[in-house]
Amino acid sequence: MTESSDSAFDGRLFAQDLSSAPGVYRMYAEDGGVLYVGKAANLKKRVASYFRDDLPSRRIAHMVKQIRRMEVTVTRTEAEALILENQLIKSLKPRYNILLRDDKSYPYIVITEETWPRIAFHRGSRTLSGSYFGPYPSVTAVRTTLDLMQKIFRLRSCEDAVFRNRSRPCLQHQIGRCSAPCVGLIGAREYDASIKRAGMFLNGRSKELVDDLTRAMDEASQRLEFEAAASLRDTIAGIRTIQAKQYVEGDQVDMDVLAAVLEDGTACVMSLSFRNGMSFGTRAYFPKCNGAERAEEVLSAFVAQYYLERPPPRELILSHAIEDHLLLETVLSDLGRRRVEIKHAVRGERARYLAMAMQNAQLALATERHGKLAQRNRLHALQELLGMAEPPQRIECFDISHTQGEATVASNVVFNAEGSVPGQYRRFNIGGITPGDDYAAMQQALERRFKRALEQGVMPDVLLIDGGEGQLARARAVLSGLGIVSVVLVGVAKGAARKAGDETLILPDGREIKPGAESPALQLVQQVRDEAHRFAITGHRGRRQKTRDTSTLERIEGIGAKRRASLLKHFGGLPGLKGAGVEEIARVDGINQALAERIYAQLHGIDLVP
């Protein structure tokens with residue numbers, strides 16, 4: 001790694017000492033923030049290109065003026081530089097890089113590894129043992145695929161706690177979507193064959209699967225097992241029905257079609273996904289452009305950031321030619337362990353789908369811009385209402401939720417000029433107060449939030465407090481005690497009828513006004529307040545359920561933290577444990593027959609005979 005730091009940074013001098021090897025460079029501002037992360041096939045040439053007189057855009061020129069320090073990391077190959085660049089962009093979030101804003105993990109289908117495997121939707125870390133298929137572009141795509149799989153292969157989808165305690169077939173079996181292994185209506189060998197075939201289907205081996213099923217059907221017919229042959233025939237028919245819906249006849253298409261549009265600093269990338277010859281629908285992404293001026297830049301950044309972290313399809317059809325497409329092809333092929341092609345000039349069906357993606361991207365961008373315009377109008381209205389010099393750039397709201405004082409939770413939500421910022425939401429579990437004392441709960445949450453704000457320097461412009469003068473007074477006391485005077489405090493009191501639009505706003509100067517349902521300022525306040533309320537209730541319910549699950553087991557003699565955790569994990573929570581019999585409970589590690597009987601009795605209100 002090479003580094004240079006100076007208040008008057010000399011980029012040309014810095015570039016002279018650099019290697020001509022491939023690598024990654026990072027630019028830093030005076031405050032230490034990262035301005036930009038880039039990769040280069042030749043570090044010396046690439047860095048030097050930023051410090052010439054004829055820079056390609058005002059955006060780049062403005063960025064270069066802010067550079068006070070640079071760091072470079074030499075890599076062995078340009079492919080390594082591409083991967084490292086993507087990792088650093090994700091972690092550092094530079095001010096001038098195009099950033100893919102997607103904080104959700106992508107959905108998968110999992111077939112578990114157990115005696116009777118189940119097929120299920122999965123999102124998050126891969127804690128279950130099994131085979132994972134995906135990622136899929138959307139939850140809808142997963143649901144559609146699972147629906148098809150259950151119709152064709154009749155695999156179980158229920159949780160283990162339900163599966164182990166069935167005494168008769170469920171509704172899924174009755175409507176032909178499960179073979180009911182829970183009650184022995186299918187043998188292990190036959191069920192395992194269905195699991196194997198489902199895996200082949202999800203891996204795109206439909207032709208091979210149909211051939212295998214056809215052979216099995218013929219063999220069953222020769223053995224005069226006509227019922228088994230008819231079942232295989234129905235499975236083949238289901239698969240062929242799906243194949244008939246392929247948009248390219250006879251072709252197992254595995255591709256994404258991507259179209260990018262950019263207008264007035266807002267961009268949209270629309271993705272049409274096809275897997276195993278089937279359309280998985282569309283999904284719109286809105287990357288943070290940070291001053292990018294060309295759709296090609298946006299598309300190039302999207303391809304790198306999106307596909308370097310998940311398995312790419314065999315084909316990427318793009319609306320624009322992008323820089324480094326050959327390098328991206330090589331890296332994605334290596335990561336996916338199969339050839340990946342990136343295409344721009346296409347004909348026939350692919351051109352038709354590219355046009356469709358472009359049309360959808362333009363419509364999605366228009367909708368997004370309309371929403372942003374409305375948000376800006378609401379911000380300006382709130383600025384005028386509060387008498388602020390500028391529109392607020394950060395709004396926070398607190399709310400308290402509990403049930404008769406139980407499991408009190410305070411929520412803190414954040415909105416900026418573009419809308420909600422879920423990644424900065426916070427919840428505070430409240431303790432050490434009189435149950436039901438909302439004032440004390442609000443005070444504790446605010447003290448914890450703003451003591452941290454003094455350390456980190458992140459303050460809201462406007463702080464909304466869901467409540468009347470009492471709650472607002474506590475908030476004023478907390479901020480005053482911490483010496484915070486820059487935050488505009490606004491109380492949001494519900495009307496007597498608790499009807500939306502009838503709220504009273506308590507302003508910083510003590511005035512109370514009712515803007516009315518038509519007020520854009522009040523609409524923004526309602527949006528933020530309602531989100532705080534939703535977030536608080538969700539946190540409270542989770543904490544309350546966890547407390548109740550734990551406290552029920554804590555009352556049983558002989559159940560400590562370790563056994564309690566084992567029981568809840570084994571049965572997937574308290575409902576699963578309640579549905580288990582004594583013998584099933586006794587199979588859990590550390591639980592003997594006598595203890596299982598006590599657990600069962602406690603959960604079902606049964607008095608044990610001494």
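Colleague: In which loop does Asp264 lie?

Modeller: Asp264 lies in the loop between E8 and strand E9 (266–275). Strands (E, at least two residues) and helices (H or I, at least four) are DSSP runs, numbered from the N terminus. This is a predicted model: local features need pLDDT of at least 70, side-chain atom pairs count only at pLDDT 80 or more, and totals for chains, interfaces and linings use all residues. Residues are numbered from 1 along each chain as its sequence is written, and side-chain values use heavy atoms, without hydrogens and water.

Colleague: Why does Asp264 count as exposed?

Modeller: Its relative accessibility is 68%. Exposed means over 50%, buried under 20% and partly exposed in between (1.4 Å probe, protein chains only). So Asp264 counts as exposed.

Colleague: What is the phi of Asp264?

Modeller: Phi of Asp264 is near 50°, a positive value in a residue other than glycine. Most residues other than glycine have a negative phi. Asn290 also has a positive phi, of about 50°, although it is not a glycine.

Colleague: Is Asn290 buried or exposed?

Modeller: Asn290 has a relative accessible area of 19%, so it is buried. Its place is the loop between strand E10 (278–285) and H11.

Colleague: How do you know the span of H4 is close to what is expected?

Modeller: Helix H4 (residues 78–92) has 15 residues. The expected span is 1.5 Å times one less than the number of residues. Just after H4, Lys93 takes a positive phi of about 50°.

Colleague: Which residues of H4 are buried?

Modeller: They are Ala81, Leu82, Glu85, Asn86, Leu88 and Ile89.

Colleague: What makes you say that the buried residues line one face of H4?

Modeller: Look down the axis of H4: its buried residues fall within an arc of 165°, so they line one face. The arc is that of the directions from the helix axis to the C-beta atoms. An α-helix has 3.6 residues a turn, so residues three or four places apart point the same way.

Colleague: What covers the buried residues of H4?

Modeller: The cover includes strand E2 (23–28), strand E3 (34–40), helix H11 (295–307) and helix H12 (325–336). Contact means heavy atoms within 4.5 Å.

Colleague: Why is Asp254 called buried?

Modeller: Its relative accessible area is 12%, so Asp254 is buried. Asp254 lies in the loop between helix H10 (226–243) and strand E8 (255–263). Not counting residues up to four places away in sequence, it touches Phe274, Arg275, Pro313, Arg314, Glu315 and Arg338.

Colleague: What makes the link between the side chains of Asp254 and Arg338 a polar contact?

Modeller: The distance is 2.8 Å. A polar contact is a pair of N or O atoms within 3.5 Å; within protein, one must be able to donate a hydrogen and the other to accept it, and residues adjacent in sequence count only if both atoms are side-chain atoms. The side chains of Asp254 and Arg338 make such a contact.

Colleague: Why does Ser411 count as buried?

Modeller: Its relative accessibility is 0%, so Ser411 counts as buried. Ser411 is found in strand E14 (residues 406–416). A polar atom of its side chain lies 2.7 Å from the backbone oxygen of Ala532. Among the residues that Ser411 touches are Cys397, Arg426 and Phe535.

Colleague: And why does His122 count as buried?

Modeller: The value for His122 is 8%, so it counts as buried. His122 is in strand E6 (residues 119–122). The residues it touches include Tyr106, Pro107 and Tyr132.

Colleague: Is Lys65 buried or exposed?

Modeller: Lys65 has 65% relative accessibility, so it counts as exposed. Its place is in helix H3.

Colleague: How much space lies in the second largest pocket?

Modeller: About 970 Å³ lies there. On a 1 Å grid over the protein atoms alone, a pocket is an open set of points where a 1.4 Å probe fits, with protein on both sides within 12 Å along at least five of seven lines; lining residues have an atom within 4 Å of a point. Grid points are joined across faces, edges and corners, and a volume is the space filled by probe spheres set on the points.

Colleague: Which element gives the most to the lining of the second largest pocket?

Modeller: H11 does, with six residues. E3, helix H3 (58–65), H4 and H11 each supply at least two.
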